[in-house]
Amino acid sequence: MSEIRFIHTADLHLDSPFKGLSGLPAEHLRTVRASTFSAFTNLIRHAVESKPDFLLIVGDVYDGEDRSLRAQLKFQEGMSELETAGIPVFICHGNHDHLGGRWTRFELPPNVHVLGGDVQSVPLRIDGQDIVIHGFSYPERHVREPVIEHYPVAGGDLETIHIGMLHGSLAGDETHAVYAPFTKEALLSKGYDYWALGHIHLRQRLHDAPPIVYPGNLQGRHRKESGMKGFYEVTLSKAGASSLEFIPASALVFDRLQVSCAGLRHANEWFSACREAIEGYQAEFGACLLELEMVDLDAGSMDLFQESPEEVWLETLREWLEESEIFIWVQQLTFDWKPERTAANWNLVQAVQERMDQWPEAEWKRLLKDVYQHRGSKYLDVLAADSIQDIRAGAASLLVKEMTEAD
């Protein structure tokens, strides 16, 4: 039986607007807003050089249902490069770029097969190996029902490789909006040799044999999509052997970086510690947007940071890093104020933190409703469980810091 090799990618989100990056200089903002295109270019270059048998794009090629002209032109150019290289492409559209949107049409080259609004099974033959690719595009933005029910069970031909493409959510996983929910058992019941998933931006493997895989998105778009992003190059055979190689593609990386402040007493020591941590990270990952968390704080370093407002420390650090030839931007500074190092009123701090820990999600939403009803709320993330944890951690940190300053 023949071995096949293909690329599995998803969630390109071309022309993402990157909201909420306040304070970013204009030239840096242009770099950030071009990053989804740069990551896409990295994908196309790799494909042209490695020449896989075909390429799968599992939903959300575009960031919005209107599919900007700029994004469509870049995508059409990329598909044309793949056509010249003789690489077929199979696409299903997701909730962001569903078929019901309005956009000026671009004609894609003949190597591109776009799946329709109903589940389709597309046959393909590569070097004598029969392959069938199953999948669908979202006909509208909200697909709530479990479409997995409409996927056919693999036929009795033991020679044919079956691959499923599905842009959707594992039932019960609410890290993203729940669309086209499925269970792992439902996927396995179809008898396919590989499940190419999309929609969840975190890279993960739900099952090994057969592989059920989320490649994550191609380019992080905010601090919660941290670390290097990319796609998988997959080798697969009907005999059951498979290998997946992660290929980095991000043009820039969002991440959180810790800086040890143990024993720091002077500002120049802190700047040097920050620079050493940032340059070490940048040497490994390249261009980056970072949150710096100050850890290992002792009484002396806490006194140092209280001599100037946090905004002044941040602005001065940004200016100090402007000399770097590679894009580096520090979005935020946070301080890991350890409660056990505060003196008076710690019992009050601890009581408030424990009370916040007990609040259910509904209570957080009630307390924050005025913020989320403000006209500026369109720039805020949806108030999900991870957002609440961030807010809780920030509130606790602020409370401890205020108590420390009061002491």
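Over the ring of which residue does the charged end of R203 sit? The charged end of R203 lies over the ring of F246, 3.7 Å from its centre, where such a contact requires NZ of Lys or CZ of Arg within 6 Å of the ring centre and within 35 degrees of the ring normal. R275 is placed over the face of W320, at 4.9 Å from the ring centre.

The model is predicted, with local features requiring pLDDT of at least 70, side-chain atom pairs counting only at pLDDT 80 or more, and totals for chains, interfaces and linings using all residues. Residues are numbered from 1 along each chain as its sequence is written, and side-chain values use heavy atoms, with hydrogens and water left out.

Strands are DSSP runs (E, at least two residues), numbered from the N terminus; two of them pair if DSSP finds at least two bridges between them. Strand β1 (residues 3–9) pairs with β11 (residues 230–237) in the antiparallel sense over six bridges, with H8 bridged to Y232. Four bridges join β1 to β2 (residues 54–58) in parallel, and F6 has F54 as its bridge partner there.

Aromatic pairs (ring centres of Phe, Tyr and the six-membered ring of Trp within 6.5 Å; edge-to-face if planes are over 60 degrees apart) number 20. The rings of F54 and F90 have centres 6.2 Å apart and planes at 90°, so this pair is edge-to-face. F54 is buried, with a relative accessible area of 0%, and F90 is buried at 5%.

Note on methods:
Rings of Phe, Tyr and Trp (its six-membered ring) pair if their centres lie within 6.5 Å; planes under 30 degrees apart count as stacked, over 60 as edge-to-face and the rest as tilted. Buried means under 20% relative accessible area, exposed over 50%, partly exposed in between (1.4 Å probe, protein chains only).
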